[in-house]
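Subject: The structure I promised you

Hi there,

Here is the structure for you to explore.

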Amino acid sequence: MTRAIERREVALVDLLDRVLAGGVVIAGEITLSIADIDLVRISLRALIASVRVENDEGWEGDRDDG
Amino acid sequence: MTDTLATWLYAVTAAPEDGTPPQGLTGVADEPVRLVEGAGLAAVVGSVPLADFDEDALRGHLEDLEWLERTARAHHRVINGAARHGQVIPLRFATLYHDDDRVRAMLRERREDFTDTLRRVAGRTEWGVKAYVDPRSFLPDPDESEDEGSPGTAYLMRRRAQRQDQETAHLRATERAEEIHSSLAALAVATAAHPPQDSALAAYEGWMVLNNSYLVPDDLTEDFTALVRALGERYPAVTLEVSGPWPPYSFTAPPKPAGDAQPEEKPS
């Protein structure tokens, strides 16, 4: 089975696989030490946190916290 | 200060003959995209406010999914836009320099690397292929149930059998993925493996048994997509998903130490 992809936008997970882990790494000046950080892990943390928030909202319904 | 700017790098290309930057492209800070030329190469860059993109700011932003998505898409959009004008080498997200002079110095320093890489990826395109399976399709046929002893023993036996079945299913699915990979790799000049994506993030059920990139010569593009379709038909228990064309993100990184996920180059 093959799923044809006719998305106008590429999927974010596929993009992050490539943009954060691929491409040429040159020691930029400002991000010299950021280059040592695992960008993928950071983004995964952000992604997972956002999924959790969505799930929590699903459980608790919409709350108006004013 | 709000007017202190840094140079964000998107890609490196061969210097265009007319020196015109890609028209109408805006970057990660909505800034107009321009070219910094040097050593016969051109860096595709934009000026971004340092206040928003210095190390501390970036550290915070990277944990913010909305920022990350918007900025990653902008980075990709510029690279894609530049790729319409000629072969590009994408640069890793968040590569920043203090000013254009330093970018020119970097181009001079890395000229040979960049020129080699441009030559290596010319006329070739990155395609992504993912494979998903439903573990149930790979379970062994249910055996005759063995002699059951006491209810407790039977329970333990059942649990052990289930665990073994799962392992068998995983092994079978992985073997199938390897077959698919070797078929696809035969049409590619290089392949790169990405880690399987988290099922919640990528929104799939079952197992992702393949998440690879293939660097395919442009005259084989149709053969490659036809092969993916054919493999999908040959193995109905596997769902294949193609993405691309991508700029060569997965084939421009410098070699990493052995054992890491890295592009596998075939001798040409």
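Chain B has an average pLDDT of 88, and 90% of its residues score at least 70; pLDDT is the predictor's confidence in each residue, on a scale from 0 to 100. This is a predicted model, in which local features need pLDDT of at least 70 and side-chain atom pairs count only at pLDDT 80 or more, while totals for chains, interfaces and linings use all residues. As for labels, residues are numbered from 1 along each chain as its sequence is written, and chains are lettered from A and ligands numbered from 1 in the order in which they are written.

Confidence first. In chain A the mean pLDDT is 63, and 27% of the residues reach 70 or more. Over residues 58-66 of chain A, pLDDT stays under 50. Chain B has such a stretch too, at residues 256-262. Where pLDDT is low, the predicted coordinates should not be read in detail. For the complex, the predictor gives an ipTM of 0.83 and a pTM of 0.83.

Now for chain B itself. Eight helices and ten strands make up its list of elements; these are DSSP runs numbered from the N terminus, with helices being H or I of at least four residues and strands E of at least two. Of its 268 residues, 37% count as buried. A residue is buried if 20 or more other C-beta atoms lie within 10 Å of its own, exposed if 12 or fewer, and partly exposed in between, with C-beta atoms placed from the backbone. Two residues are in contact if their C-beta atoms, also placed from the backbone, lie within 7 Å. Among contacts in chain B with a separation of 6 or more, 77% are between residues 24 or more positions apart.

Which of its residues are buried? They are F114(B), T117(B) and V121(B). These three lie on the same side of α5(B), because they cover an arc of only 65° around the axis; the arc is that of the directions from the helix axis to the C-beta atoms. On the other side, E112(B), D116(B) and R119(B) are exposed. The buried residues pack against β1 (5-14), β3 (41-49), β4 (88-90) and β6 (124-133) of chain B. After the helix comes G123(B), with a positive phi near 70°.

One of those strands, β1(B), is mostly covered, with eight of its ten residues buried. Two strands pair if DSSP finds at least two bridges between them. β1(B) pairs with β3(B) in the antiparallel sense over nine bridges, and W8(B) stands opposite G46(B) there. With β4(B), the antiparallel pairing has three bridges, and T13(B) stands opposite V88(B). Two bridges join β1(B) to the antiparallel strand β5(B), residues 96-97, where T7(B) has Y97(B) as its bridge partner.

Finally, find V189(B) in the loop between α6 (151-185) and β7 (190-193) of chain B. Why does V189(B) count as buried? It has 20 other C-beta atoms within 10 Å. V189(B) and R120(B) are 69 residues apart in sequence, with their C-alpha atoms 9.7 Å apart in space.

Happy exploring!
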